[in-house]
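Welcome to this short tour. Please open your viewer and get ready to select a few residues.

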Amino acid sequence: QVHLVESGGGLVQAGGSLRLSCAASGSIFSLFVMGWYRQTPGNERELVALINNAGITNYADSVKGRFTISRDNAKNTVYLQMNSLKPEDTAVYYCNAKKKNEYWGQGTTVTVSS
């Protein structure tokens, strides 16, 4: 069982930055593929970024060059640095951990004003 807690969401103006954090507990964090997803009302949850246990990353085209995912295995934490934010980045952002099973955090809201 893995418990994920996101933090760092908030309100920011377009062009600004935020850093999301996701603290994990309950299992061997370093073995999991960690990801950030986001969801807006009426839409499917979509992948934002992934990082595997070797540090290899993958990004949605919409955030490439603006967002950076990273992990600190010693702190059991994954981060999402979001720069040059746009109003269309407004969403609830969810942390995800995947190995044999999949786990989700409760979400943190990011609002980007124009």
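Is asparagine 76 buried, partly exposed or exposed? Keep in mind that you are looking at a predicted model. Select asparagine 76: its relative accessibility is 24%, so this residue counts as partly exposed. You will find asparagine 76 in the loop between strand 7 (67–72) and strand 8 (77–82). Now look at the backbone. Most residues other than glycine have a negative phi. Asparagine 76 is not a glycine, yet it has a positive phi of about 55°.

Next, go to serine 84, in the loop between strand 8 and strand 9 (91–98). Serine 84 also has a positive phi, about 50°, without being a glycine. With a relative accessible area of 41%, serine 84 is partly exposed.

Now for the charged side chains. How many salt bridges are there? The count comes to five.

Begin with arginine 38 and glutamate 46, whose closest N and O atoms are 2.7 Å apart in a salt bridge. Arginine 38 has 7% relative accessibility, so it counts as buried, whereas glutamate 46, at 38%, counts as partly exposed.

Then select aspartate 61 and lysine 64, whose side chains meet in a salt bridge of 3.1 Å, N to O. Aspartate 61 is exposed, with a relative accessible area of 65%, while lysine 64 is partly exposed at 49%.

Finish with glutamate 102 and lysine 98, a salt bridge with its closest N and O atoms 3.5 Å apart. Glutamate 102 counts as partly exposed at 40% relative accessibility, and lysine 98 counts as partly exposed at 34%.

Key:
Residues are numbered from 1 along each chain as its sequence is written. This is a predicted model: local features need pLDDT of at least 70, side-chain atom pairs count only at pLDDT 80 or more; totals for chains, interfaces and linings use all residues. Side-chain values use heavy atoms; hydrogens and water are left out. Helices (H or I, at least four residues) and strands (E, at least two) are DSSP runs, numbered from the N terminus. Buried means under 20% relative accessible area, exposed over 50%, partly exposed in between (1.4 Å probe, protein chains only). A salt bridge is a side-chain nitrogen of Lys or Arg within 4 Å of a carboxyl oxygen of Asp or Glu.
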